[in-house]
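Here is a short briefing for your next look at this model. Please keep the viewer open while you read the points below.

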Amino acid sequence: MTALCDPAQEFHRQPAPKLRTSKGSCAEKEGEGIVLALGGGFSRGFAHLGVLEVLEQERIPISAIVGTSIGALLGAAYADGISLHDLCDLGRRVRVRDFLRFHPSGQGAPSKDRIGQFVHDWFRVTEVEELPIPTAIVTTNLDTGAPFVFTRGPVELAIRASCAFPGLIKPVEYEGRVLADGCIVAPVPTAIASRIYGGCVLGVSVGSNAASESTSENVVRVFGSALGPSHGSALEPSWSRHADILLEPQVHQIDWSDFSRVDDAFAAGAEAMRQALPSLRELLARRSELTAAPSMSFCSESEVAV
């Protein structure tokens with residue numbers, strides 16, 4: 001079995017100024033940065049890293065990251081300081097079987113947890129609240145069918161739960177709850193990002209949807225109220241209603257389990273972000289002109305670990 005990480009390898013850490021705004025300033029100056037809502041999509045999720053690279057190159061600060069499934073894993077790893085180069089290199093060496101924690105026969109002890117081992121070996125922090133960029137990790141409470149969002153608590157457990165797709169990966173128990181993949185309730189966690197952090201929410205959708213499959217181009221949707229009155233329609237996916245900008249990189253042609261195309265996913269994410277830059281800059285400029293004090297609210301329909 002291919003290992004998710006080589007214990008002998010040293011991952012490179014990004015210098016702090018390139019990665020983040022400070023935790024103290026992210027909620028106070030929401031016009032200066034963006035809140036990323038990174039969706040699930042397994043191998044397609046490496047498009048998120050292309051988005052992050054362009055944001056780094058353009059020096060657009062990230063005030064918070066909210067992730068579901070692969071978006072939670074890559075978003076938290078980035079927030080912890082693991083470089084984009086090393087995350088891509090990791091993806092190229094992954095095989096689907098590395099993620100599975102059920103034996104094919106359904107019998108015997110579970111196989112070694114590769115996701116948990118990666119977090120244990122390479123993350124500097126052990127708690128979600130210690131991540132240098134404020135981060136929320138979205139899971140699904142299988143008992144209630146509602147989101148359970150980690151803004152505090154064990155980062156390894158939170159990521160394992162967010163990636164635990166039923167039937168492929170065993171659910172995770174936490175404080176009497178049974179938690180599974182956040183994609184079940186929040187494929188792109190823009191609503192949670194908006195309610196927890198506010199500010200300018202940039203969603204990245206890498207799952208299958210009709211819009212992306214009907215075109216060979218990247219799709220960029222702008223919903224920000226600062227740029228117009230409309231914030232989506234009944235025909236739009238639910239997560240678009242809570243995004244100021246929604247990116248749909250052209251990754252529908254990549255099979256969800258095909259990690260040999262990590263570079264293609266990365267390139268699609270980067271291209272989609274480049275196309276969105278003019279709209280994003282205009283939106284941030286408009287928001288920075290607003291004089292009203294920003295507010296923070298929390299998910300009324302979700303549980304948030306605090």
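Two strands pair if DSSP finds at least two bridges between them, and helices (H or I, at least four residues) and strands (E, at least two) are DSSP runs, numbered from the N terminus. With that in hand, strand S7 (residues 200-204) and S9 run parallel and are joined by three bridges. This is a predicted model, in which local features need pLDDT of at least 70 and side-chain atom pairs count only at pLDDT 80 or more, while totals for chains, interfaces and linings use all residues. Residues are numbered from 1 along each chain as its sequence is written, and side-chain values use heavy atoms, with hydrogens and water left out.

**Strands and the buried interior**

- Leu-202 has Ile-245 of S9 as its bridge partner.
- Strand S9 (residues 245-248) is covered on both faces, with Ile-245 and Leu-247 buried on one side and Leu-246 and Glu-248 buried on the other. Here, buried means under 20% relative accessible area, exposed over 50%, and partly exposed in between (1.4 Å probe, protein chains only).
- In a regular strand the side chains alternate between the two faces of the sheet.
- Thr-68 belongs to strand S2 (residues 62-68), and its relative accessibility of 0% makes Thr-68 buried.
- A polar atom of the Thr-68 side chain lies 2.9 Å from the backbone oxygen of Ala-186.
- Leaving aside residues up to four places away in sequence, Thr-68 touches several others, including Leu-38, Val-138, Ser-162, Asp-181 and Pro-189; contact means heavy atoms within 4.5 Å.
- Ser-162 is also one of the buried residues of H7, a helix in which seven of the eight residues are buried.

**Surface patch**

- Phe-165, Leu-168 and Trp-256 make up a nonpolar surface patch with about 270 Å² of accessible area together.
- Patches are made of residues with over 30% relative accessible area and no salt bridge, joining like charges within 9 Å and nonpolar side chains (Val, Leu, Ile, Met, Phe, Trp, Tyr) within 5 Å. Accessible areas come from the Shrake-Rupley method with a 1.4 Å probe, and for residues only the protein chains shown count as cover.
- Phe-165 sits in the loop between helix H7 (155-162) and strand S5 (172-174), and counts as partly exposed at 41% relative accessibility.

**Positive phi in two loops**

- Phe-42 is not a glycine, yet has a positive phi of about 55 degrees. Its place is the loop between strand S1 (34-38) and helix H3 (47-57), where Phe-42 is buried at 17% relative accessibility.
- Glu-175, also not a glycine, has a positive phi of about 50 degrees. Glu-175 lies in the loop between S5 and strand S6 (177-181) and is exposed, with a relative accessible area of 61%.

**Salt bridges**

- The count comes to eleven salt bridges, each a side-chain nitrogen of Lys or Arg within 4 Å of a carboxyl oxygen of Asp or Glu.
- Arg-92 and Asp-263 meet in a salt bridge at 2.9 Å, N to O. Arg-92 is in helix H5 (residues 84-92) and Asp-263 in helix H10 (residues 262-289), so this pair ties together parts that are 171 residues apart in sequence.
- Glu-175 forms a salt bridge with Arg-177, with the closest N and O atoms 3.5 Å apart.
- Glu-282 and Arg-286 form a salt bridge with closest N and O atoms 3.0 Å apart; being four residues apart in helix H10, they are separated by about one helical turn.

Technical notes. A polar contact is a pair of N or O atoms within 3.5 Å; within protein, one must be able to donate a hydrogen and the other to accept it, and residues adjacent in sequence count only if both atoms are side-chain atoms.
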